[in-house]
Structures are given as structure tokens and as C-alpha cells.
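Work through these exercises with the structure open beside you. Try each task before reading its solution.

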Amino acid sequence: MEHHPHEVRLSRRIAAPPADVWQVLTDLDLATSRLSQVTELHQITGGPYAVGTRWRETRRMMGASDTQEIVVVENDPLRRTVTEAVDGATRYRTTILLESLDDAVATLVTVTFSAAVTDPSRLQRLALRVVAPLGLKLTEKSLRTELDDIARAAESLPH
């Protein structure tokens, strides 16, 4: 049985067409130079960004580093991508949705991040109740930074 996920959803308008935003999102080679929280990225699978693409990513947030193995579980180019990382009994899922705005000269990017715990123990349930509000605030701050970084990179691509 899966515990209800803790979820954070944020949207941001980016003054770049969906194709440029998609390029920033899916070009893993440039992630460490474009995304301020990503300090290391090692691709596990080769080839283009697609379902099954897998990489190991180290992020620095709130003064701590954390490394996760991430896999693309859904992919609809230029529109939507979903990635997952599993850490013990917790499954983290990130959905990024792109919506074309203003005749495709701008993009509305919506990021939804959720954490679901499979079969939480009593201690985990208590921890989730106690730290969830703080965790969600910190997650929101991190996602906002990520969206700002994506916007900066996409808006500066040459046309």
C-alpha cells in the first residue's frame, strides 16, 4: 500500500519557445553548467533523451549534497517528461509539463514533484508528519531555483 504522496507544484512563464525549453531540460551534458543545484551528472545510458534514459545526479541543496539515480519513465517530446528516483522506500517523481504561449514565443512550465513512501513504518509516518511542512517549503524553494535556471538558459539560447 502506498502512502499519500507529498506534492509540490510550481509554474513559471519562460520567454522562450517550447523547443528551447525542451532542449535545456533534456541536454544532460550541459545540466551542471545550466542548473545551479546540480554539481555532478553521470549518464548511465547513452543515446538521446527518451523513456529509459538513466543518469546519476548529485545536487547541492541547503548545504548538503545528495546523489540520486534518475530514470525517465514517460516522455512526450516538447510537451511532457516524467522522471523517477527511488531512495529506500521513497519514490520521488518529477513531472515537467510545457505549454506553448503567445504563438509559441513563450512557454508555461509546470513542475510537479512528489514523494511517496511505500509501506511507511510508524517512525516514518511520524517523521513525515513532523517534517513534511518544512520539507515542502524547502522543496518549493529548490524547484523555484530550478525553474529560474531553466528560464535563464532557455532565454539565452541563440535564435
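**Exercise 1. Strand pairing**

Which residue in β4 is the bridge partner of R59?

Solution. 
- Step 1. This is a predicted model. Start with the two strands. β3 covers residues 54–61, and β4 covers residues 64–76.
- Step 2. Check the direction. β3 and β4 pair in the antiparallel sense, over 8 bridges.
- Step 3. Pick out the partner. R59 is bridged to D66 in β4.

**Exercise 2. Confidence**

Find where in the chain confidence is highest and where it is lowest.

Solution. 
- Step 1. Begin with the whole chain. The average pLDDT is 89, and 89% of the residues score at least 70.
- Step 2. Find the top. Helix α1 (residues 18–26) has the highest confidence, at a mean of 97.
- Step 3. Helix α3 (residues 122–155) has the lowest, at 82.
- Step 4. Keep a rule in mind. Where pLDDT is low, predicted coordinates should not be read in detail.

**Exercise 3. The setting of E84**

Is E84 buried or exposed? Describe its surroundings too.

Solution. 
- Step 1. Locate the residue. E84 lies in strand β5 (residues 80–87).
- Step 2. Compare with the cut-off. Buried means under 20% relative accessible area. E84 has 12%, so E84 counts as buried.
- Step 3. List neighbours. Leaving out residues up to four places away in sequence, E84 touches E69, I70, V71, V73, R91, Y92 and R93.
- Step 4. Pick out polar contacts. The E84 side chain makes one with the side chain of R91, at 2.7 Å. Another, of 2.3 Å, joins the side chains of E84 and R93.

**Exercise 4. Salt bridges**

Which residues are linked with E84 in a network of salt bridges?

Solution. 
- Step 1. Side chains of opposite charge can pair when their charged atoms come close.
- Step 2. Take the total. The whole structure has 14 salt bridges.
- Step 3. Start from E84. The side chains of E84 and R93 meet in a salt bridge of 2.3 Å, N to O.
- Step 4. Move on to E74. E74 forms a salt bridge with R93, with the closest N and O atoms 2.8 Å apart. E74 lies in β4 and R93 in β6 (residues 90–101), so this pair ties together parts 19 residues apart in sequence.
- Step 5. Check accessibility. E74 is partly exposed at 28%, and R93 is partly exposed at 27%.
- Step 6. E74, R80, E84, R91 and R93 are linked by salt bridges.
- Step 7. R79 forms a salt bridge with D76, the closest N and O atoms being 3.2 Å apart. D76 is partly exposed, at 31%.

Definitions and conventions: Residues numbered from 1 in each chain as written. Predicted model: local features only at pLDDT ≥ 70, side-chain atom pairs only at ≥ 80, totals over all residues. Heavy atoms only, no water. pLDDT = per-residue confidence, 0-100. Helix = DSSP H or I, 4+ residues; strand = E, 2+ residues; numbered from the N terminus. Buried < 20%, exposed > 50% of the residue type's maximum accessible area, 1.4 Å probe, protein only. Polar contact = N/O pair within 3.5 Å; in protein donor to acceptor, adjacent residues only side chain to side chain. Contact = heavy atoms within 4.5 Å. Salt bridge = Lys/Arg side-chain N within 4 Å of Asp/Glu carboxyl O. Pairing = 2+ DSSP bridges.
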